[in-house]
Amino acid sequence: MSTTEEKEQTVAQGEQEEEVPVEATPEPEKPGTWRFLIPIAAFGVGFLMHLFVGWVIFPPLLYSEKQQPIDFSHKIHEEAVDEGCESCHFFREDGSFSGIPGLENCAECHEEPMGEHREEAKLIKEYIEPGKEIPWYVYSRQPQCVFFSHAAHVKMGELECATCHGPIGDSDHTRPYQYNRLTKYSRDIYGWNIAMLSKNAWDYTEMDDSGGMKIEHPARMKMDDCAECHEEMRGVKDACFVCHK
Amino acid sequence: MKLDRRTFIELSVGFSLGAGAGIMLTPVNWKLMDDMTIWSQELWPRYQLGGLEGRLPQTGEVTHADSVCTLCPGGCGITVRKVKDRVTKIEGREGYPVNDGGICPLGVAGLQLLYGPWRVPSPLRRAGKRGSGKFERITWDEAINKVVQKLGDLRQRGQSHTVASILGSDRGTVPQLFGRFLSAYGSPNLIRTASAEDTYELALGLMQGATASVGYDLERANFILSFGSGLIEGWGSPVRVIKAHSIWRSGNSKDRATVVQIEPRLSNTAAKADNWYPVNPGTEAALALGLAHIIVKESLYDSAFVQNHTFGFEDWSDATGKTYMGFKRLVLTEYKPGAVSMTTGISVTKIVQLARAFAKAKRPLAVWGRGKGTTSGSLYECMAVHALNALVGNINQLGGVSTRPQVATRAWPAVSRDGTARKGSHRPRIDGAGTSRYPLTRYLPDRWPQAINGGRPGTIQALLVHEADPYFTTTDSAAVAKAFDGIPFVVSFSTYLDETAYHADLILPNHHYLERWEDIPTPVGLQKPILGLLRPVVSPQFDTRHVGDVLMTIAKELGGTVADAFPWEDYETVLKETMGDKWGTLEEEGYVEDAGYKPPAWRKAFGTPSGKFEFYITAFDQAGMKVDKDVGYLPHYEPVEAEGDSSTYPLTLIPAELIRLADGAIGNPPFCTKALEETELKGNDLFVEVNPKTAANYGLSEGRCAMLETPRGKAKVLVHLFEGIMPGVIAIPKGLGHAAYDDYLAGKGVNANSLMGVVEDPISGLSATWGIRAKLTRV
Amino acid sequence: MLRNARQAGLEPIIPSFQYSIIPWPRPGFSLCGILHLLSHQGGPGFSFGGIVQLLSRQGGPIAKRSEASFYEGVTMKEAHHKGHGKTYKYGMVVDLDKCTGCGACMVACMAENNLPFRKDNSDRLRSSLWMRVYKISNGLPFPDMEISYIPRPCQHCEGHGHHAATPCVSVCPACATDYSHETGIVSQIYTRCFGCRYCMAACPYHVRIFNWWDPTWPKGMEKYLNPDVSVRMRGVVEKCSFCYHRLQRARNKAYAEGRREIHEDEYQTACTQACPAGAITFGDLDNPEHKVYELKKSRYAFRLLEELGTNPKVYYVSTRDWVRKAGDVYTGKKGNDVMPA
């Protein structure tokens, strides 16, 4: 703070002294103009990082992948059996669906090796000979509370298997089984899209080149998906116990 | 820019907020929340269903298999529902002649017995003191060798007659194998556990000269006079009788029947009867004879039958000219309504009314066998009731009582016995049956403890038990326990760890009834012969073996004539060969019925010395029995006193037999225990039913703790005020008080058998205990 | 009346969290429940669902998704019946003259429906029984005392009025229980229930039981569990379901054979099947070909607590006057002593 008075004083004093160089008074210490960017940058970094974590890193962490015990080819078998899909996946007399066939179904043909495939050898050595049931991983296994009637949907509703299960009948290899580490349910139930925005299978109308439906994984199998179709078809939602037990 | 505190805070706060916002826009939060709820609901709670994959019941193919239930002598057909190879439900078999689709609570709960922790998992050898429950697993070879060694040893020392076997039944191939074994081995001691059949068979033998079981044509009777039988509580073949009861109660007047129940307590049967006559306990025979008095006096009896086909109704004289009193004179002089009313507590008017109603009914039927029919009872009482049937002429008639044989099967070749066997078999039985004192009785199942306790040491040196739990079911438990201590070697073939198995030295577990083949003889009380087939519905769940196979292996290893007596390879061969040409139908249908069976007509029916139905039993003299007085040859009221003096023990205790409570060789499964009323069991305490007037005398109120004491034992109980029981009489449920099995059953209540003793019927030697004197004191 | 929230079109708004986050059974409370206290049975109700329903009626602010397409020009009631087609009314007639009190129905129900059992089941308030046999007496002294047994499953109340007024359904805040107009069965969905036990308070017959503990089975006994029925965890309420899993199976079989009708014999409850006395008859109360149709018309037929207006589906037949009178007793009137079983 140099006042005129001080200057005069200084001049007065300074006639004997050297001239004190006049410094430019430093600007008062204002807060850095761009300082506010630090938390914003931190916010941004955190934001982006966690977006990345949530969308990219989280799904593989949450889901564990397993291969089916035997790499089964539907294509080969479809040609080999007499009655098509019904040879192994059939309705029993009481109307229940046989689901994934048991060991004795496979053993009917594979008691002795039919070819030279490595997987067949595995089947015979590890399962047929010791009489051990093959522990297939079921992609569409629903919780205990669900009652699903294949007869109602396939026989009465005339739905195609692929509508809910995907074009598995044309597959040559088994696809990996991914399941949620926390809930132990198959990823097929919640849908492969981590945001649970998978489409319903029947929403896919595009066909791929081979004539099958263009769908990599079958869509969700949650209650909302069933309920949506039920409501459309029947006009009102059914009683709870139609699907629950 | 240096990382000072402010920067640090700015960075970290900014970063966290960014992280938070970022995460919120990802599925992580929502997905984790959703997944965590599922995790906390399904995986974290301890279902204890074994592993993650096996945590819930798996669906699978549903199949049905038919078999027969063996949890009681009722022999109901069952249909077992299986999911893959697991049994998930037992249901009654529709169309089966005995039960036509119905089932009792014990039958349904049978599936808990198949998989439950009571199952003996493999042969066991006692590893601690008897009754400590410490067992060690051994192999089948070891177990069989031990038995062979012990039995062989006894035989060599000429002690083969000290081996005894207690079985639940003496009919069917398996009990026959036991009988054959003992015969070839050299022992007469095949003992069948007590039931009303003991007495009724004897009565039929004496009065009709028949060697057969009793059959009741319940469905077509229209007046049922029941002397204490628990018709809807498990008497006879339980489901069959309940179905008959529904016919009696049907709206269709043609089928309707009047049901009269005579018992001191308002049981379910009494509650549903048209009339309940609360008689003084133990005086049922007096009432029967009082009714006979009216029927005879007013000439309401069937004269065609009585005059032409009975002996001893009128007085008769023998060749020397000595006259003997007939039944008619006996009832007319000794059983006048006044006297009977005094004894029984039923008014004269009611006695007269009842007698007239019974005799005038179109198809009257008197039934006998207290409760579920699992106790022997007084012979004279049984004969008195049977005499009523004779008076109304329903013997071998529609809606009446008849003799019923078993379905004929192939006889086995005779056993060729060696010297030891012959000597041993001719020794007197340890229970005294068939001896000069009781020449006509075949089994005396309540006397074996006395024989051991009162006899020399070594009376029984080895005991084999099959389909029975004598440690629990024999009355006078203290004597039973003492007797068991006196038997050095006890072998149980039980599937479950019941009381007898608990106190055994070796357990060689039989297959569960759903795991084995066996023939099932005609159930108790059926009027037509039927043979059922028990077939395996599941493969054996544990390391068990069929008792038939085990017994034959033991016999073969004993060698000599014992081995020769069993020319069959295995039990299945025995079964198939014995069934003969019936095997085909048996295997296909699951049963063979002699649907056209008709009991013989009167002129051919009686194999007595007189050739007629005998009111006056001539067989006693023929058998060389000492009968005290003239009246001893006729059905009469022979009071069976309850033990204890009335001054110390002013009350009378009777057992209450309930259909929801198994009280025989099978322990009550958890489902059935769950079905018990809150006035029967609370926590671990049993209730005693007391009439409120009686309770007031002793200062007892509902739910109050009391000490129940009898001359045989005492127990702490809770009081339940019940107007359905006579003043002065109290009742406790029968079937609890187990010490074996597990926490689901053991330690609950008190064993009624431990509070009661054995009162012998003087003429047959069978246990005629119907109750005991008791006292109740506040605690 | 609390309607199914989904029918109100709320599903896309409320995320489908089907499970409660806190697994422990909580003491019963719910805002909806309190609100409902202000309403009366049969009326529109001040319940949450009721408000939603009001708002979501045709043309209302929250229109149902399918309303536009399907409900155009029709009332909800008509749409119901249109959508459902044929309706049934499954019910039971129990002949108390034939009932012997044996308890086979209780045990068959336990075996069929995976009911848990504990070491001490003597406290009826804590043990779970769906079908329960009550024992009542006429209250007279010896020797005039009489007793009768009353097997009591869930009564599957219908209530009166246009919409179902089942007591338990109308109070459930989680829509875990619902009345099905098509079959008349009141279902209980365990995964939705969070254990507030309001329904237990509402039910006048005490048919509902609460799972205080997780079920445990001695090792090996889990093998007999029926895969057709859920195994319940602790904290949920359960009740007799008229064995609707058997209806599911019967329909399964019918569909596989290409038909929609199921015969009387194809769907019977476990208790009906087990009863050795044939006292229980089950079937469609509205179908003249079913046995229950005629049986319910008997002049000796009565329903429990008729005066409450629950319109239950279980009829009882007894020729004994005092038993019929006891059926409608709400408080112990003299001479009609009701003994707790």
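In helix α5(B) of this predicted model, the residues A143(B), I144(B), V147(B), L151(B), L154(B) and R155(B) are buried. Because these residues cover an arc of only 105° around the axis, they fall on the same side of α5(B). On the other side of α5(B), by contrast, D141(B), Q149(B) and Q156(B) are exposed. The helix itself, formed by residues 140-156 of chain B, comprises 17 residues and reaches 24 Å from its first C-alpha to its last, close to the 24 Å expected at 1.5 Å a residue. Just after α5(B), a positive phi of about 75° is taken by G158(B).

Chain B also takes part in contacts with the other two chains. Towards chain A, 27 residues of chain B are in contact with 27 residues of chain A. On the chain B side of this contact, the elements that give two or more residues are α1 (5-24) and α2 (28-43) of chain B, and the largest share, 13 residues, comes from α1(B). By class, the side of chain B that touches chain A has 17 nonpolar, 6 polar and 4 charged residues.

The contact between chains B and C takes 65 residues from chain B and 56 residues from chain C. On the side of chain C that touches chain B, two or more residues are given by each of the elements α5 (104-112) and α9 (270-274) of chain C, with the largest share, 7 residues, coming from α5(C). The residues on this side of chain C divide into 32 nonpolar, 11 polar and 13 charged.

With regard to nonpolar packing, the largest nonpolar core has 325 residues, and those with the most contacts inside this core are L291(B), A292(B), C105(C) and V107(C). When residues up to four places away in sequence are not counted, A292(B) touches V331(B), Y335(B), A387(B), L388(B) and L391(B). A second, separate core of 7 residues includes A42(A) and F43(A) from chain A, together with F15(B) and A19(B) from chain B.

Finally, the confidence of the prediction was examined for chain A, which averages a pLDDT of 78, with 77% of the residues scoring at least 70. Within chain A, confidence is lowest in helix α1 (residues 4-14) of chain A, at a mean of 53, whereas the highest value, 89, is found in helix α6 (residues 150-156) of chain A.

Terms used:
Residues are numbered from 1 along each chain as its sequence is written. Chains are lettered from A and ligands numbered from 1 in the order in which they are written. This is a predicted model: local features need pLDDT of at least 70, side-chain atom pairs count only at pLDDT 80 or more; totals for chains, interfaces and linings use all residues. Two residues are in contact if their C-beta atoms, placed from the backbone, lie within 7 Å. Helices (H or I, at least four residues) and strands (E, at least two) are DSSP runs, numbered from the N terminus. Ala, Val, Leu, Ile, Met, Phe, Trp, Tyr, Cys and Pro count as nonpolar, Asp, Glu, Lys and Arg as charged, and the others, Gly among them, as polar. The expected span of a helix is 1.5 Å times one less than its number of residues. A residue is buried if 20 or more other C-beta atoms lie within 10 Å of its own, exposed if 12 or fewer, and partly exposed in between; C-beta atoms are placed from the backbone. The arc is that of the directions from the helix axis to the C-beta atoms. pLDDT is the predictor's confidence in each residue, from 0 to 100. A nonpolar core is a set of buried Ala, Val, Leu, Ile, Met, Phe, Trp, Tyr and Cys residues joined through C-beta atoms within 7 Å.
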